[in-house]
Amino acid sequence: MPTQSLRLVDKKPLRFDDEVRFIRSWFERPLSTGAVAPSGRVLARTMARYVEPEVPGPVVELGPGTGPVTEALVAHGVDPARLVLVEFNPVFCQLLRGRFPAATVIQADAYGLRRALASVLRKPAAAVVSGLPMFTKPVRTRVRLLRDALALLLPGAPFVQFTYAVVPPIPNAFAGVQAEASERIWMNLPPARVWVYRKG
Ligand SMILES: C[S@@+](CC[C@H](N)C(=O)[O-])C[C@H]1O[C@@H](n2cnc3c(N)ncnc32)[C@H](O)[C@@H]1O
């Protein structure tokens with residue numbers, strides 16, 4: 001049966017099947033799913049724009065879900081073979097393997113990043129892009145994840161994180177790290193903001 005589609009706040013169709021998968025996942029694991037719907041295209045594109053496709057090395061995505069940001073990264077020029085996708089939910093992992101056969105999909109807890117990527121990442125990464133619902137974790141866990149991610153990245157490479165919250169996912173006064181934020185993206189349900197962190 002062809003994939004049905006529906007329109008929400010964005011001009012482009014969303015996959016109805018993905019909406020259903022997401023809502024199911026949210027009912028089963030509300031805290032780790034962190035949203036009732038996949039990110040819209042405007043948010044996904046905004047995240048992808050912070051990645052420079054010409055910078056060599058793997059591009060790591062944490063919590064890719066059904067893959068809207070992954071799709072935006074590929075559309076932005078990132079070779080799918082460079083993608084390393086770390087996702088907790090086995091149903092989403094299976095879906096991602098089908099959709100991005102050239103990518104490396106790892107079913108793991110992204111908060112154990114070094115262990116999850118130890119046997120996979122042989123070069124410094126060009127970017128880490130995260131859709132993890134960070135606010136379900138204490139600040140020290142978020143900060144440790146950022147530190148682990150920055151240690152995997154090339155100097156100056158971005159850690160890109162979106163949030164629905166009005167406050168940054170990592171407290172502002174975090175020594176040695178530069179932070180920048182996008183405008184609030186209203187064309188998303190719920191509206192979101194993208195935060196980018198780099199080693200200072
Ligand atoms: C808010 S959704 C974002 C999904 C997708 N990036 C998007 O923008 O639509 C969060 C995703 O992170 C995954 N996730 C949550 N906690 C995780 C963890 N500790 N390790 C890996 N993935 C996790 C969830 O299964 C879900 O797919």
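Colleague: Why is I23 called partly exposed?

Modeller: Its relative accessible area is 38%. Buried means under 20% and exposed means over 50%. The value for I23 falls in between, so I23 is partly exposed. This residue sits in helix α1, residues 16-28.

Colleague: Is A116 buried or exposed, and how do you know?

Modeller: Buried. The cut-off is under 20%, and A116 has 13% relative accessibility, so A116 counts as buried. Its place is in helix α6.

Colleague: Which residues does A116 touch, leaving out those up to four places away in sequence?

Modeller: I106, A108 and D109. G156 is another matter: A116 and G156 are 40 residues apart in sequence and 23 Å apart in space, C-alpha to C-alpha.

Colleague: What makes up the largest nonpolar core?

Modeller: It has 30 residues. V60, L62, L117, L145, L146 and F159 have the most contacts inside it. At least two core residues come from each of β3 (59-62), β4 (83-87), α6 (113-117), α7 (139-152) and β9 (193-199). The largest share, six residues, comes from α7. As a general point, nonpolar side chains in soluble globular proteins tend to be buried together.

Colleague: What does L146 touch?

Modeller: F159, I170, F174, V177 and Y197, not counting residues up to four places away in sequence.

Colleague: Why is the peptide bond between L189 and P190 called cis?

Modeller: Its omega is about -10°, and the bond is listed as cis. Most peptide bonds are trans. P190 lies in the loop between β8 (177-181) and β9.

Colleague: How do you know how far to trust the coordinates?

Modeller: This is a predicted model, so I look at pLDDT, the predictor's confidence in each residue. The mean for the protein is 90, and 92% of its residues reach 70 or more. Over residues 1-13, however, the pLDDT is below 50. That stretch has 26 contacts in the model beyond near neighbours in sequence. Where pLDDT is low, the predicted coordinates should not be read in detail.

Key. Residues are numbered from 1 along each chain as its sequence is written. This is a predicted model: local features need pLDDT of at least 70, side-chain atom pairs count only at pLDDT 80 or more; totals for chains, interfaces and linings use all residues. Side-chain values use heavy atoms; hydrogens and water are left out. pLDDT is the predictor's confidence in each residue, from 0 to 100. Contact means heavy atoms within 4.5 Å. Helices (H or I, at least four residues) and strands (E, at least two) are DSSP runs, numbered from the N terminus. Buried means under 20% relative accessible area, exposed over 50%, partly exposed in between (1.4 Å probe, protein chains only). A nonpolar core is a set of buried Ala, Val, Leu, Ile, Met, Phe, Trp, Tyr and Cys residues joined through side-chain atoms within 4.5 Å.
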